[in-house]
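Subject: Structure for your files

Hello,

Here is the structure I said I would pass on. My notes on what was found follow below.

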Amino acid sequence: MPTHVAIIMDGNGRWAAQRGLPRFEGHRRGVEAIRRAVRSAGDLGIRYLTVYSFSAENWRRPAQEVSDLMGLLKRFVRHDLADLHANNIRVRVIGEREGLASDIRLLLDEAEQLTRLNTGLTLVIAFNYGGRQEIARAMRELAREAKEGTLDPDTIDAAMIESRLDTHGIPDPDLVIRTSGEQRVSNFLTWQTAYSEFVFIPDFWPDFDDATFRAAIDEYFKRERRFGGLSARAV
Ligand code: IPE
Ligand code: IPE
Ligand code: MG
């Protein structure tokens, strides 16, 4: 089993448009698909599930849609946190917290605090997340320490940079799934996906279910990961 599966949940708007429904309805149904994905990940024995919920660039959408997405996150945490906790799920949130409304920040803090000692699935919520912004934040921190004289720039290596990313302590994704047929990364886990396998699924996110999840895992099993080395057959 992949230890860490990360999902770019795309296609809510198109799912709704196909049915003549407002985009909000697609997002609302998308939250139900997250619940299914969490359940499937637990059943499959996956240890880390990351869901891309709101990108650093999603602020470019109309104010009403941004506000709908913020509202859905709040509702999700308020409504599901007790359940997640009861299921021994640990919640981690990655992304820029500054710039988020204080009620959302409090809810995200509460979710992390309440579940921090849980030992089951780790659900990583990427919210107001951008891979480049995350790396820039880590660089600022290192530069600050170098300037203060507590860090020797010559000691900076990949492991040190990793330790300053929002994902510190979380293994890199083995598998990244993107729904909706788009085949791009959209600023998701830029650093962490250096050697991830990508599976692109034509279905829109609200239709994602256990069968889709298992099909993506089956596809992952067909891949041969080499990490720059040689295939097992060649050595
Ligand atoms: C994914 O669905 C949800 C977010 C990006 C927040 P979209 O809203 O991107 O749906 P499409 O891509 O327009 O269909
Ligand atoms: C990526 O989807 C962000 C999330 C799933 C939260 P987008 O729909 O925002 O990506 P682009 O704009 O099509 O690349
Ligand atoms: Mg999209």
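**The ligand site**

Ligand 2 sits in the largest pocket. Please keep in mind that this is a predicted model.

The shell around ligand 2 is made up of Ile8, Met9, Asp10, Tyr52, Ser53, Phe54, Ser55, Asn58, Arg61, Arg178, Arg184 and Ser186. Sorted by class, that shell has four nonpolar, four polar and four charged residues. The element that gives the most to the shell is strand E2 (residues 48–55), with four residues.

- Arg184: an N or O atom of its side chain is 2.8 Å from an oxygen atom of ligand 2.
- Asn58: an N or O atom of its side chain is 2.9 Å from an oxygen atom of ligand 2.
- Asp10: a polar atom of its side chain lies 3.2 Å from an oxygen atom of ligand 2.

On its own, ligand 2 has 390 Å² of accessible area, and the protein covers 77% of that.

Most residues other than glycine have a negative phi. Two residues in this model are worth a look on that account.

Asn187 is not a glycine, yet its phi is positive, at about 65°. Asn187 belongs to the loop between E5 and strand E6 (197–200). Is Asn187 buried or exposed? Its relative accessibility is 15%, and the cut-off for buried is under 20%, so Asn187 counts as buried.

Phe227 also has a positive phi without being a glycine, in this case about 50°. Phe227 is located in the segment that follows helix H7 (210–222).

**A buried threonine in a loop**

Thr167 is found in the loop between helix H6 (158–164) and strand E5 (175–178). The relative accessible area of Thr167 is 7%; because that is under 20%, Thr167 is classed as buried. Along the chain, Thr167 and Tyr195 are 28 residues apart, and their C-alpha atoms are separated by 16 Å.

**Where to start**

When you open the model, ligand 2 in the largest pocket is one place to begin, with Asp10, Asn58 and Arg184 as the side chains to display. After that, turn to Asn187 with its positive phi, Phe227 with its own, and the buried Thr167.

Regards

Terms used: Residues are numbered from 1 along each chain as its sequence is written. Chains are lettered from A and ligands numbered from 1 in the order in which they are written. This is a predicted model: local features need pLDDT of at least 70, side-chain atom pairs count only at pLDDT 80 or more; totals for chains, interfaces and linings use all residues. Side-chain values use heavy atoms; hydrogens and water are left out. A residue is near a molecule or strand if one of its heavy atoms lies within 4 Å of it. A polar contact is a pair of N or O atoms within 3.5 Å; within protein, one must be able to donate a hydrogen and the other to accept it, and residues adjacent in sequence count only if both atoms are side-chain atoms. Accessible areas come from the Shrake-Rupley method with a 1.4 Å probe; for residues, only the protein chains shown count as cover. On a 1 Å grid over the protein atoms alone, a cavity is a set of points where a 1.4 Å probe fits but cannot get out, and a pocket is an open set with protein on both sides within 12 Å along at least five of seven lines; lining residues have an atom within 4 Å of a point. A molecule sits in a cavity or pocket if more than half of its atoms lie within 2 Å of its grid points. Helices (H or I, at least four residues) and strands (E, at least two) are DSSP runs, numbered from the N terminus. Ala, Val, Leu, Ile, Met, Phe, Trp, Tyr, Cys and Pro count as nonpolar, Asp, Glu, Lys and Arg as charged, and the others, Gly among them, as polar. Buried means under 20% relative accessible area, exposed over 50%, partly exposed in between (1.4 Å probe, protein chains only).
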